[in-house]
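Dear colleague,

Here is the structure I said I would pass on. My notes on it follow below.

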Amino acid sequence: MSQDEARPYSFTLDPFPQQAPEWNRASAFYDHLREGRLTTTRCRTCDLVSWPPRSVCPECHGDDLEWIDLPTEGRILAATVQVAGTPPGFPAALVFALLEFTPDVRFIGRILTEDLEAAVADRMASLVVQEVSRDRVVPAFRLV
Amino acid sequence: METRKVAVVAAGTSQKWGIFPGTYRDLVAEAGKAVFDSCPALSGGDIEGFIASSVMPERNVFQSHVAPLAAETLGVRPTKLFQRVENMCGSGTVAIRNAYTAIACGLADVIMVVGAEKMHTPEWGETVLNMLVGVDREWEGAVGVTAPVQFALTAQMHMRRFGTTVEQLAAVSAKNHRHALGNPYAQFPKACTIDEVRASKPVAAPFTIFDCSSITDGAAAVVLVCEERAREFTDQPIYLLGTGQAASGFNYANVHADWSEWPTLRTAVGSAYRMAGVGPGDIDVAEVHDCFSISEVIVTEEMGWAEKGGGGAFAAEGRSTYGGDVVVNPRGGLLGCGHPLGATGVAQATEVFRQLRGEAGPRQVDGAAIGLTHNLSGVAEHHVVIYGREEAL
Ligand SMILES: [Zn+2]
């Protein structure tokens, strides 16, 4: 067996988070995602909704948090098409948009589209689930 | 509180930025040698404090604990202060602020700051993959978001709100590549027109390759000392007059809502102006963080040089080059020099040191007396230092 074949899988050489509960207190996010739900945490003590999901509230530092559903459609605030310089495993062209789900929850999402010109400000995009390496999932979006 | 004044007495960089033909150690050695060679009165034994600024050697050269690596390489045995700094792209200026603070309060008299980043690996894909450690890897890196995407979206927001054009962005890029022609260590010295910038390889709309700073190996070092001892090392110390810093958030999408404004930069530079007792109009020369062309557009606005929304026109009208309001990025900035993360802020300080001493050769800004460095670590984390000649104290 060559040295390369003997090498174990290097988890820090892929960018995907560990999603099982023994590795990640936000593992429910990924369980929900597999069901087509986009969720985050709300603090039961001070009502703060956070993105990304938390295990301790950044406002009151309480740890009594619950999962809430976000809208699965977000409004595009800005978009770009990346055609060069993408990381390995992310072949160009890639469409990205800053998406707004609530007034306080925004994130940058991949838009899965054949039409590279179609993602523009004020269009809506809805959640799809992307399978990635080693049984993990990440959120992605399609234009509606 | 009464604090001591602090001066830079020596500075230097590695010789040619780009793909460095040597190891991380070799890179540190080359920048350190430049500093010691430039200042005969300075030896390793004079240095009481040592700060290494390096962002991702763990990824790119499989090495942590780089402060002792660098100190050993340069024959320095710290007796008063010893650390590494990592704040992503702004690390170098953060390190200089730490050195300033320690000297100002009397913890050490003489501190060396070395910024070094060897980003290239033999495998280009691995080098690009490694850049994902600098974003929110779980929530942004995991879907492929890197800095060009974040700043392209920033540019889209600025263009939509203020009508900034791609030609104005290209004017920043053309200027800084042209400025780099006078800088021997610059990776991308190039006389290019706005049309040539626009016609170069597209990266992420609206950016072409010329709108983006590159992955670069490079190193720089400076030595800071207390005022009382400055003349042991040089007849022309350059003083740190003021500094400021502000930051908000990490997950890029949520630092604040509208990325066409950078309120934390206004806070940071406001602190620096107040501490230095100067205003925007007093700055003769500035090295600012043009990681992408849009960054310089927004920086010139938030610094108070251009009106808000007018940063594109400010560059296009020649107000940020020789003969204009303030010479921005005379060494070529990050666009012209490349951007070796932890080294960039230290190299910015090196350039302002040389400019204020009249040692910048073909890129000298005539009569430069007050200079500014601005380093950022994302749109909402900013680090600013203002320097002046002795008479500005
Ligand atoms: Zn709370």
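A residue is called buried here when its relative accessible area is under 20%, and partly exposed when it falls between that and the 50% above which it counts as exposed. Please keep in mind that the model is predicted.

Helix H7 of chain B covers residues 166-179. From its first C-alpha to its last, this 14-residue helix reaches 20 Å, close to the 20 Å expected at 1.5 Å a residue. The buried residues in H7(B) are Val166(B), Gln168(B), Leu169(B), Ala170(B), Ala171(B), Val172(B), Ser173(B), Ala174(B), Lys175(B), Asn176(B), His177(B) and His179(B). Because 12 of its 14 residues are buried, H7(B) is largely enclosed by the rest of the structure. The packing partners of these buried residues, again in chain B, are helices H6 (147-162), H8 (194-199), H10 (293-302), H11 (311-316) and H12 (333-337), together with strand E10 (327-328).

The other item is the zinc ion. Its protein donors are the SG atoms of Cys43(A), Cys46(A), Cys57(A) and Cys60(A), lying 2.3 Å from the ion. The angles subtended by the four donor atoms run from 98 to 120 degrees, so the arrangement is tetrahedral. The donor residues follow the spacing C-x2-C-x10-C-x2-C in sequence. Among them, Cys46(A) and Cys57(A) link distant parts of the chain, 11 residues apart. Cys46(A) sits in the loop between strands E1 (39-43) and E2 (49-50) of chain A, while Cys57(A) sits in the loop between E2 and strand E3 (65-69). Cys46(A) is partly exposed, at 29% relative accessible area, whereas Cys57(A) is buried, at 1%.

Regards

Terms used: Residues numbered from 1 in each chain as written. Chains lettered and ligands numbered in written order. Predicted model: local features only at pLDDT ≥ 70, side-chain atom pairs only at ≥ 80, totals over all residues. Heavy atoms only, no water. Helix = DSSP H or I, 4+ residues; strand = E, 2+ residues; numbered from the N terminus. Expected span 1.5 Å × (residues − 1). Buried < 20%, exposed > 50% of the residue type's maximum accessible area, 1.4 Å probe, protein only. Contact = heavy atoms within 4.5 Å. Donors = N, O, S within 2.8 Å, 3.2 Å for Na, K, Ca; no water. Tetrahedral: all angles 85-135°; square planar, octahedral: opposite > 155°, others 65-115°.
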